[in-house]
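I opened this entry to keep track of what I looked up. The notes follow in the order I took them.

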Amino acid sequence: MMSTEDDVAPAAPSPPVLARWQRYAEQCCDTVATTKPWLPKGRLTRVAGLVLEAVGIKLPVGASCHIILPAGHSIEAEVVGFNGDKLFLMPVAEVYGLEPGAWVVAYEDLANRVPYFNLTHAPRRRLEDRGRQAAVGPHLLGRVLDGLGRPLDKLGHLQVEAHVPLFSRPFNPLDRVPVHDVLDVGVRAINAMLTVGRGQRLGLFAGSGVGKSVLLGMMARYTTADVVVVGLIGERGREVKDFIENILGEEGLRRSVVVAAPADTPPLLRLHGAAYATAIAEYFRDQGANVLLIMDSLTRYAMAQREIALAVGEPPATKGYPPSVFAKLPALVERAGNGQEGGGSITAFYTVLSEGDDQQDPIADSARAILDGHIVLSRHLADAGHYPAIDMEQSISRVMTDIIEPEEYNLVRRFKQLYSRYQRSRDLINVGAYVRGSDPLLDEAIARMPAMEAFLQQGIFEREGYAGARMRLAALFGE
């Protein structure tokens with residue numbers, strides 16, 4: 001059978017032709033390698049207060065972008081919402097110099113960009129990874145950063161070990177290790193009467209000027225935790241340097257990371273500051289360290305979220321706070337706590353500002369419900385020179401019974417019973433209306449009150465460990 005023309009195999013290309021094809025392929029690869037990836041762009045259409053509106057670009061909520069200024073500079077912003085084809089942006093800096101129609105360009109770190117010619121083959125990044133990333137690493141110890149991770153201490157660039165999502169996803173609560181170990185915070189009244197467990201989340205409820213910053217500084221200096229992460233969110237700028245130099249001190253700063261987002265920063269930067277401090281604490285926890293996270297304050301964090309929510313049109317609900325505020329609080333707090341088996345822990349203290357010392361403030365009430373205990377500072381005690389001004393009658397540690405022995409808890413109960421009985425009868429005692437012998441428990445409280453008040457007071461440069469606090473409490477009752 002004769003073969004047809006279609007059955008004849010094509011001739012192999014000659015070596016010169018193959019060489020030309022290879023050079024052409026190499027030139028194409030070089031061109032593709034040096035071509036910048038395409039980035040989505042849109043136009044700025046409206047600036048109203050804190051909110052910027054853009055069209056012509058589609059980005060997920062939480063994505064970062066840059067708004068190009070006429071001089072070639074840019075302002076960084078974040079997507080906080082959308083309505084149809086409109087994106088609502090919130091800047092992380094002042095918006096001076098913006099013009100109508102300014103370019104809005106999607107921004108991602110170069111290490112995470114996926115070139116357009118590889119989209120069909122490259123794995124898609126998860127949604128949470130498309131948001132802002134946080135720089136973490138052991139070299140952050142001793143540094144002071146802003147809400148975006150930029151150094152404020154003028155000590156040079158950061159040595160970053162890794163980047164993690166700023167807002168991490170919650171993990172299975174059944175994977176958490178229960179709180180069963182004591183964390184020594186170096187404050188006698190807390191160690192003995194309100195014992196803190198590793199992985200516990202507590203609130204420090206106080207008005208202004210009652211010594212909460214001093215108490216936080218004492219815990220940061222004297223705690224036995226491996227790492228201390230301090231988030232100064234929404235406080236006065238003067239207090240940032242004062243806290244670092246005078247309250248935290250050189251010794252405390254050496255094993256600490258401070259994230260500062262003062263009151264004059266945009267609300268989005270304050271939110272990022274709290275999330276960044278938590279992300280740093282999570283990093284050290286995942287490395288197996290026991291971390292003490294101090295957040296001052298949770299109320300300023302809620303106020304920043306309120307500013308953003310109201311700006312994008314969310315209706316106010318409870319005393320002017322939109323519903324998203326009460327959803328953000330547990331999302332932030334639940335990131336702290338114990339990790340999985342074999343990991344470290346995050347013991348967190350969140351300060352809550354009680355306006356006019358009102359404990360029924362909506363933020364205070366919500367925080368009390370989601371935390372594992374609360375320490376209330378009394379203005380009356382502070383005015384009397386009693387420091388730390390902890391109100392033992394209103395304060396409680398919810399995990400205390402799980403981490404101390406029954407004999408120790410009995411001493412704490414006895415102390416509180418005598419202290420409370422004396423406080424209820426203080427006015428009668430002061431005016432001389434009480435007759436000794438009428439109430440044996442009150443008689444004992446009157447006899448022991450000077451020693452009990454001395455026990456609860458402590459100097460700012462005085463450290464009292466957990467074991468020493470327990471021994472002094474037992475000695476106070478002759479046991």
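**Aromatic rings**

I began with Phe415, which is buried, its relative accessible area being 1% (buried means under 20% relative accessible area, exposed over 50%, partly exposed in between, with a 1.4 Å probe and protein chains only). I note that this is a predicted model, where local features need pLDDT of at least 70, side-chain atom pairs count only at pLDDT 80 or more, and totals for chains, interfaces and linings use all residues. Residues are numbered from 1 along each chain as its sequence is written, and side-chain values use heavy atoms, with hydrogens and water left out.

Which ring makes an edge-to-face pair with Phe415? I found Phe477, with ring centres 6.5 Å apart and planes at 85°. Rings of Phe, Tyr and Trp (its six-membered ring) pair if their centres lie within 6.5 Å; planes under 30 degrees apart count as stacked, over 60 as edge-to-face and the rest as tilted. Phe415 is in helix α11 and Phe477 in the segment after α14 (466-476), so this pair ties together parts that are 62 residues apart in sequence. Helices (H or I, at least four residues) and strands (E, at least two) are DSSP runs, numbered from the N terminus.

I then counted five aromatic pairs in the structure. Phe415 with Phe455 is a tilted one, at 5.8 Å centre to centre and 50° between the planes. Phe455 is buried, at a relative accessible area of 2%. I listed one aromatic cluster made of Phe415, Tyr419, Phe455 and Phe477.

I looked next at strands β3 (residues 64-68) and β4 (residues 74-83), which pair in the antiparallel sense over five bridges; two strands pair if DSSP finds at least two bridges between them. His66 has Glu76 in β4 as its bridge partner. The two strands form a hairpin with five residues between them, and Gly72 in the turn has a positive phi of about 95°.

β4 also runs antiparallel to strand β5 (residues 86-91), joined by six bridges. Gly81 is bridged to Phe88 in β5. This hairpin has two residues between its strands, with Gly84 in the turn at a positive phi of about 65°.

**A helix pair**

Last, I checked helix α3 (residues 212-222) against helix α4 (residues 237-254): their axes come within 9 Å and cross at roughly 10°. Axes are lines fitted to C-alpha atoms, for helices over the stretch in contact, and angles run from 0 to 180 degrees between N-to-C directions.
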